[in-house]
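Please open the model in your viewer and keep the selection tool at hand.

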Amino acid sequence: MGRQRPPLLLELLDPPIRHDLDRVPIQAGQRVLDIGAGAGELTARLARLVGPSGNVTAVDRDTSYLAPTSVIDVYQRALGTDELPGEPGSFDIAVARWMHGALPDPDAVIRQIIDRLRPGGWLILADVPFTPAQVFHPRPDYATWASDPRGEDADLIQHLMTMIYGFLTGTGRPTWPLDVTRPLVAAGLNPVCTHRSVETWTGGGPGCQILADTAQNLRARLIQPELTHSDLDRFINLMADPAVILGSYERRTVHARKPATQAAQA
C-alpha cells in the first residue's frame with residue numbers, strides 16, 4: 001500500500017487506536033472515514049474489518065504513502081482548511097488522528113466529522129498531548145538524573161524530546177482541545193470515553209529507538225547554536241543506553257457515539 005513510511009512518532013498512535021477500535025462495533029459492509037491515514041496501516045486494518053462490501057475513505061495531507069484499492073478510496077485534504085469528503089450522515093465510523101500541525105479551529109473540524117457520521121455512528125479521536133519529559137535512573141540512591149552528576153544528559157533528553165514534539169506537531173500543541181470531551185458532549189454524543197496512557201521507555205527499546213530515528217531524520221532542523229551535532233549524537237547514543245529510563249509522551253484517544261435519533265440528541 002504505497003511506499004514505506006519513515007519511522008516517525010506517529011507510529012505511537014496506532015496501538016491505542018487499535019484498542020479503541022476493538023471497543024467499537026465495526027461490521028462488514030460499513031463505511032469508514034479514516035482521517036490522518038499516514039501510510040495506511042490502520043486503513044488496511046479497517047478495510048479488512050468492513051470487507052469487500054464495505055468502504056474506507058482514507059484522508060491525509062500527504063497521500064504519497066497511500067494507494068487506492070477496490071475497498072479504499074484516497075483523498076488529499078488539509079484538515080482544518082479543506083472540506084472532508086463524503087455527504088452528511090454517510091459514514092458509520094470516523095477515525096481521526098493528526099499531528100501535522102495544530103488546527104486553527106479544532107472544534108469546527110470535530111463538528112464537520114460528526115456531521116459526516118450517520119445517526120448511531122462512532123467517532124474515534126487520537127493525538128499526543130505534550131507532557132514534560134520524565135527521565136529516571138535505575139539506581140535506587142537517586143530518583144532522577146537531575147540529581148545525578150550526569151544531569152546534563154537528562155537536560156539534553158528533556159530538551160530534545162520537547163523540540164521533537166514541537167517539530168512533529170508544528171506548534172507544540174495537541175491536535176484536539178485539551179478538554180476534548182466538551183465539544184463531543186455539547187454535540188450530544190453519548191457515551192464519550194477518554195483514555196490516556198504513558199509508558200516507561202528504556203534505552204534500546206522501541207520507544208527510544210523511535211526518538212533516535214526521529215532525531216536523525218530531523219537533524220538539519222534540530223541543529224541550533226545551543227544544540228550541536230555532538231549534542232545530537234550524544235542524544236542518539238543515550239537512546240540506545242539500557243541505563244536510560246524515560247516517561248513517554250502521553251497518548252490520548254477518545255471514542256464516542258452519535259445519537260441514533262435526533263430525539264436522543266435533544
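Begin by selecting Asp34 and Val95, because in this predicted model Val95 of S4 is the bridge partner of Asp34, and strands count as paired where DSSP finds at least two bridges between them. Widening the selection to residues 31–35 shows strand S1, which pairs with S4 in the parallel sense over 4 bridges.

Next, select residues 91–97, which make up strand S4, and ask how many of its residues are buried. The strand is mostly covered, with 7 of its 7 residues buried.

In general, strands of a sheet pair through backbone hydrogen bonds, either parallel or antiparallel.

Then show the whole open sheet, in which 7 strands follow the order S3-S2-S1-S4-S5-S10-S7 with mixed pairing. At its edges you will find S3 (72–76) and S7 (192–197), each of which pairs on one side only, and from one strand to the next the twist averages 15°.

Finally, turn to two helices that lie across these strands. Selecting residues 41–50 brings up helix H2, which lies across S1, S2 (55–60), S3 and S4 and runs at about 165° to S2. Selecting residues 106–116 brings up helix H3, which lies across S1, S4 and S5, at about 140° to S5.

Methods:
Residues are numbered from 1 along each chain as its sequence is written. This is a predicted model: local features need pLDDT of at least 70, side-chain atom pairs count only at pLDDT 80 or more; totals for chains, interfaces and linings use all residues. Side-chain values use heavy atoms; hydrogens and water are left out. Buried means under 20% relative accessible area, exposed over 50%, partly exposed in between (1.4 Å probe, protein chains only). Axes are lines fitted to C-alpha atoms, for helices over the stretch in contact, and angles run from 0 to 180 degrees between N-to-C directions. Contact means heavy atoms within 4.5 Å.
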